[in-house]
Amino acid sequence: MFLVIMGPPGSGKGTQSERLEEKIGIPHISTGKIFREIIKGKRESDLGKKVKEYVERGKLVPDELVIRLLKKELKKDGCKHGALLDGFPRTLKQAKTLDKILEKMETKINLVLKLEINQETAVKRLLQRGREDDTEEKIKRRFEEYEAKTKPVLDYYREKEKLIKINGEQSRDEVFEDIISALKERALLEQ
Ligand code: AMP
């Protein structure tokens with residue numbers, strides 16, 4: 001099963017993805033997490049400098065670079081039968097390329113979960129979390145990127161009837177329960 005989890009910064013994508021990975025046993029791919037590792041130099045680092053320029057300014061990393069990285073991740077054995085994509089796709093170009101990649105793998109996206117949250121709650125959460133890109137100025141930039149480039153991806157999936165809205169204002173447990181119910185309703189998980 002291929003799932004995509006979307007939502008603005010601070011909507012809880014990472015937290016919910018980790019719980020989902022544990023529950024349903026499909027690998028969780030977080031492009032943001034991989035980028036942070038690349039920057040820290042835990043992974044091959046020619047990329048490091050380039051990626052850093054974008055991530056640290058709250059800008060989206062160029063499509064070409066992200067797509068290359070995602071292809072590499074999806075080639076890993078564990079991802080043959082499914083993956084949970086957290087933070088990818090974030091642009092229409094990424095979404096359309098993902099469709100093509102999955103088509104080649106003779107599979108497709110089953111469902112896209114959209115975590116909905118108002119900006120005020122999200123900012124509050126982010127400032128509490130305090131990651132390096134969680135300063136007020138960078139958060140603002142990330143929201144702008146989301147509005148301009150990622151919102152069209154939501155429309156793309158809505159038109160394909162793959163989009164499910166989840167109320168991200170609730171507690172972590174409640175959000176998780178809603179996600180599980182949504183998967184069961186669509187027979188992606190056993191009752
Ligand atoms: P995240 O951990 O998902 O909030 O991502 C952190 C940062 O990594 C983002 O602000 C972007 O700079 C970069 N990033 C992560 N995923 C993508 C993507 N799919 N496309 C472009 N940039 C990304």
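Let's start at Ser11: if you skip its neighbours within four places in sequence, Ser11 is in contact with Leu115, Ile117 and Arg125, where contact means heavy atoms within 4.5 Å. Before going on, a word on ground rules: this is a predicted model, in which local features need pLDDT of at least 70 and side-chain atom pairs count only at pLDDT 80 or more, while totals for chains, interfaces and linings use all residues. Residues are numbered from 1 along each chain as its sequence is written, and side-chain values use heavy atoms, with hydrogens and water left out.

Back to Ser11, which you'll find in the loop between β1 and α1 (13-24). Helices (H or I, at least four residues) and strands (E, at least two) are DSSP runs, numbered from the N terminus. Is Ser11 buried or exposed? Ser11 is buried, at a relative accessible area of 3%; buried means under 20%, exposed over 50%, and partly exposed in between (1.4 Å probe, protein chains only). A polar atom of the Ser11 side chain also lies 2.7 Å from the backbone oxygen of Pro8.

Follow β4 next. Strand β1 (residues 2-6) pairs with β4 (residues 111-116) in the parallel sense over four bridges, and Ile5 stands opposite Leu113 in β4. With β5, β4 forms a parallel pairing over five bridges, and the bridge partner of Val112 there is Leu163 in β5. How much of β4 is covered? Mostly: five of its six residues are buried. In a regular strand, side chains alternate between the two faces of the sheet.

In helix α7 (residues 136-159) you'll find Thr150, which is buried with a relative accessible area of 3%. Leaving aside neighbours within four places in sequence, Thr150 is in contact with Met6, Arg90 and Glu145.

Last, the rings. There is one aromatic pair in the structure: Tyr156 and Tyr157, edge-to-face at 5.4 Å centre to centre, with 65° between the planes. Rings of Phe, Tyr and Trp (its six-membered ring) pair if their centres lie within 6.5 Å; planes under 30 degrees apart count as stacked, over 60 as edge-to-face and the rest as tilted. Tyr156 is buried at 15% relative accessible area, and Tyr157 is buried at 0%. Two arginines sit over rings as well: Arg19 lies over the face of Phe176, 4.8 Å from the ring centre, and Arg57 lies over the face of Tyr54, at 5.9 Å. A charge sits over a ring if NZ of Lys or CZ of Arg is within 6 Å of the ring centre and within 35 degrees of the ring normal.

Key
Two strands pair if DSSP finds at least two bridges between them. A polar contact is a pair of N or O atoms within 3.5 Å; within protein, one must be able to donate a hydrogen and the other to accept it, and residues adjacent in sequence count only if both atoms are side-chain atoms.
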